[in-house]
Amino acid sequence: MITTLSQAPDSIVLEPGQSLRISVDAGTWLQLAEGRARVVSPPGWLGETVFMTETPLEEGDVHRLPHGGWIEVSALTPVHLRVHGPQAVQRASRAAAAEARPVMRFVRLLTGW
């Protein structure tokens, strides 16, 4: 059974044999919290040929999607997948960069930011 969603939720739970098609933005990260899955990338062009890549994911794997479009996630075992949009990733990396600088860490402690 394949379910299609026009917007990716933050968390996806699938049973073995289930598949989900979702639209994602370029730069989205997939984090497999539990199980084993297969991700089929959005269609791309190589010369005059359309192709899609399949990526197997194991528990704990993180996969970045460089191109936006429709992907398909198929569960091989019970799966818990987290979807991180590009804006959330950028915010997390900025916060990590700010945390690495002692002055910013001090300002964060003072302001509660």
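Analyst: Let's start with a pocket. Strand β9, residues 62–65, gives the most to the lining of the second largest pocket, with three residues. Keep in mind that this is a predicted model.

User: What volume does the second largest pocket have?
Analyst: About 170 Å³.

User: Which residues are closest to its centre?
Analyst: Ser41, Pro42, Thr53, Pro66 and His67. The lining has 13 residues.

User: How does that lining split by class?
Analyst: Six residues are nonpolar, six are polar and one is charged.

User: Back to β9. Where is histidine 63 found?
Analyst: Histidine 63 sits in strand β9.

User: Is histidine 63 buried or exposed, and why?
Analyst: Histidine 63 counts as buried because its relative accessible area is 19%, and buried means under 20%.

User: What is histidine 63 in contact with?
Analyst: Leaving aside neighbours within four places in sequence, histidine 63 is in contact with Thr28, Trp29, Leu30, Thr55 and Leu57.

User: New topic. In the largest nonpolar core, which residues touch the most other members?
Analyst: Ile12, Leu14, Leu30, Ile71, Val73, Val79 and Leu81. The core has 17 residues.

User: Which strands supply at least two residues of this core?
Analyst: β2 (11–14), β3 (19–24), β4 (28–34), β5 (37–40), β10 (69–75) and β11 (79–84) each do.

User: And valine 79, what is it in contact with?
Analyst: Again leaving aside neighbours within four places in sequence, valine 79 is in contact with Ile12, Val13, Leu14, Leu32, Glu34, Arg36 and Ala37.

Notes
Residues are numbered from 1 along each chain as its sequence is written. This is a predicted model: local features need pLDDT of at least 70, side-chain atom pairs count only at pLDDT 80 or more; totals for chains, interfaces and linings use all residues. Side-chain values use heavy atoms; hydrogens and water are left out. On a 1 Å grid over the protein atoms alone, a cavity is a set of points where a 1.4 Å probe fits but cannot get out, and a pocket is an open set with protein on both sides within 12 Å along at least five of seven lines; lining residues have an atom within 4 Å of a point. Grid points are joined across faces, edges and corners, and a volume is the space filled by probe spheres set on the points. Helices (H or I, at least four residues) and strands (E, at least two) are DSSP runs, numbered from the N terminus. Ala, Val, Leu, Ile, Met, Phe, Trp, Tyr, Cys and Pro count as nonpolar, Asp, Glu, Lys and Arg as charged, and the others, Gly among them, as polar. A nonpolar core is a set of buried Ala, Val, Leu, Ile, Met, Phe, Trp, Tyr and Cys residues joined through side-chain atoms within 4.5 Å. Buried means under 20% relative accessible area, exposed over 50%, partly exposed in between (1.4 Å probe, protein chains only). Contact means heavy atoms within 4.5 Å.
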